[in-house]
Amino acid sequence: MSKTQMKLGAFLMAGGHHIAAWRRPDAVAAAGVDVDHFITLTRLAEAAKFDMVFFEDAAAIRERNINTASQAARSTMFEPLSLLAALAVNTSHIGLVATASTTYNEPHGLARTLASIDQLSGGRAGWNLVTSASELEAENFVASGLRPHAQRYERAEEFEHAARMIWDSVDTGAYVIDGKSYTDRSKLHPVDHHGTHFTVSGLLDSPRSPQGRPLMVQAGASDAGKNLAARTADVVFVAAQALQEAQTYYADLKSRMPAFNRNPDDLKILPGVSPIVGRTESEARAKYDALQELIPDEVGVALLASYLSIKDLSQYPLEGPLPEMPATDGIQSRQQLIIDLARRENLSIRQVARNFAGARGHWQLIGTPAQIVDELEERFHAKAADGFNVMGAYFPGALQDFITLVIPELRRRGLFRDEYEGRTLRENLGIRIPARAA
């Protein structure tokens, strides 16, 4: 792919990213556990030549108060690695990326599962590494509660290293199976890892991936998260509201890579964007306003509180300013993004909550195809992004609108591909096959 063309992911989430998407009259019932729904969306994205589809995960219900239905509605969803296996056999070119936590998994089991999906898909699998920042997830796994931020990242560093060693324990052609022999011993490199958090020995029991190893994706924006991404990630998914904010993050992360003997071009930064597009500006605005009308105040405030890591935001006046926030062991970067937005634009709690309900702190665009592409192109050329992870406000409609209206304008300007460059995810992203870990 030309360096003048951007990369695009489709971030799929049940009925859509807007907190009230499930309340639309045309919403797909039980979208989160409808495999045909996800196959349809993924095939739509593949026909439009998106680089990948992306799935988040949380190993818990998303809201302690199950009656806050808008949050709970997004909790009823497939475990995403299982879903990738179904999508792998129903697609041929598009990348398949799912989230899995280093806090509540073990390296060998997760590495083996991802290697299997990579084989099923012909080299199109990716892992979005997260450390999990939810108290609700912690309650499902450990009696001691959420581990401190620094401890989670220390474990994540070792987990990623162990997983990489497992994938690299077999070279291409290690398993011969030719009727005369089973292995080429010169191509086997048994793991013997003894660390602070994990002990791993043995070999991967599948051939080496057609793309070397599964693609590594991360979303960390804390200092520890950026260092981990600079050392290990192929793609980074990030939230950035303002152009300067996006440029600062982009420059900071890319500048950290040489310290790890990495070329900055081998990392693609894809900020999240939630576009609502119409053939006219008024049509786009009407679509957005209709969604906003579906948000009860208590739902928007509860969602906001969950990302601020504060248990009860409703005790404060909705028309008043956001109160001072205590430090969190949750998602530190997202908490700061919300605080910065509220202070910068002098927003009340209600206004912040309604803004946040659309895309959880990610960039929102409302307008015509030309207006949307103007904004995307500016950030792409201003070294604020290598592309974007597109977050449809509601499915399938918002994704269909983007494909029908925005993709042709991107192509008209030479900003997006007409055909895939290869068969593996790394080939299409223009990311080199990694060398075997030492």
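This is a predicted model: local features need pLDDT of at least 70, side-chain atom pairs count only at pLDDT 80 or more; totals for chains, interfaces and linings use all residues.
User: What makes Ala30 count as exposed?

Analyst: Ala30 has a relative accessibility of 54%, and exposed means over 50%, so Ala30 counts as exposed. Ala30 is found in the loop between strand 1 (7-11) and helix 1 (35-47). Its phi is positive, about 50°, although Ala30 is not a glycine.

User: Why is Lys383 called exposed, and where does it lie?

Analyst: The relative accessible area of Lys383 is 60%. The cut-off for exposed is over 50%, so the label applies to Lys383. Lys383 lies in the loop between helix 13 (369-381) and strand 11. Lys383 is not a glycine, yet it has a positive phi of about 55°.

User: How do you know that a cis peptide bond joins Phe395 and Pro396?

Analyst: Omega for the bond between Phe395 and Pro396 is about 0°. Pro396 sits in the loop between strand 11 (387-391) and helix 14 (397-412).

User: Why is the contact between Asp205 and Arg112 called a salt bridge?

Analyst: The N to O distance between the side chains of Asp205 and Arg112 is 2.8 Å. A salt bridge needs the nitrogen within 4 Å of the carboxyl oxygen, so the pair qualifies. Asp205 lies in the loop between strand 6 (199-202) and strand 7 (215-218), and Arg112 in helix 4 (residues 107-121), so the pair ties together parts that are 93 residues apart in sequence.

User: What makes Arg426 and Asp234 a salt bridge, and which parts of the chain does the pair tie together?

Analyst: Their side chains meet at 3.2 Å, N to O, and the limit is within 4 Å, so Arg426 and Asp234 form a salt bridge. Arg426 is in helix 15 (residues 425-429) and Asp234 in the loop between helix 7 (223-232) and strand 8 (235-238), so the pair ties together parts 192 residues apart in sequence. Both Arg426 and Asp234 are buried.

User: Why does Lys287 count as buried, and which residue meets it in a salt bridge?

Analyst: Lys287 has 18% relative accessibility; buried means under 20%, so Lys287 counts as buried. Its side chain meets that of Asp401 at 2.8 Å, N to O. Lys287 is in helix 9 (residues 281-292) and Asp401 in helix 14, 114 residues apart.

User: How many salt bridges does the structure hold, and which residues are linked in a network?

Analyst: The structure holds 26 salt bridges. Asp374, Glu377, Glu409, Arg412 and Arg413 are linked in a network of them.

User: Which residues have the most contacts inside the largest nonpolar core?

Analyst: Among them are Phe55, Trp127 and Trp167, in a core of 70 residues. The largest share of this core, eight residues, comes from helix 6. A second, separate core has 24 residues, including Leu313 and Phe356.

Methods
Residues are numbered from 1 along each chain as its sequence is written. Side-chain values use heavy atoms; hydrogens and water are left out. A nonpolar core is a set of buried Ala, Val, Leu, Ile, Met, Phe, Trp, Tyr and Cys residues joined through side-chain atoms within 4.5 Å. Buried means under 20% relative accessible area, exposed over 50%, partly exposed in between (1.4 Å probe, protein chains only). Helices (H or I, at least four residues) and strands (E, at least two) are DSSP runs, numbered from the N terminus.
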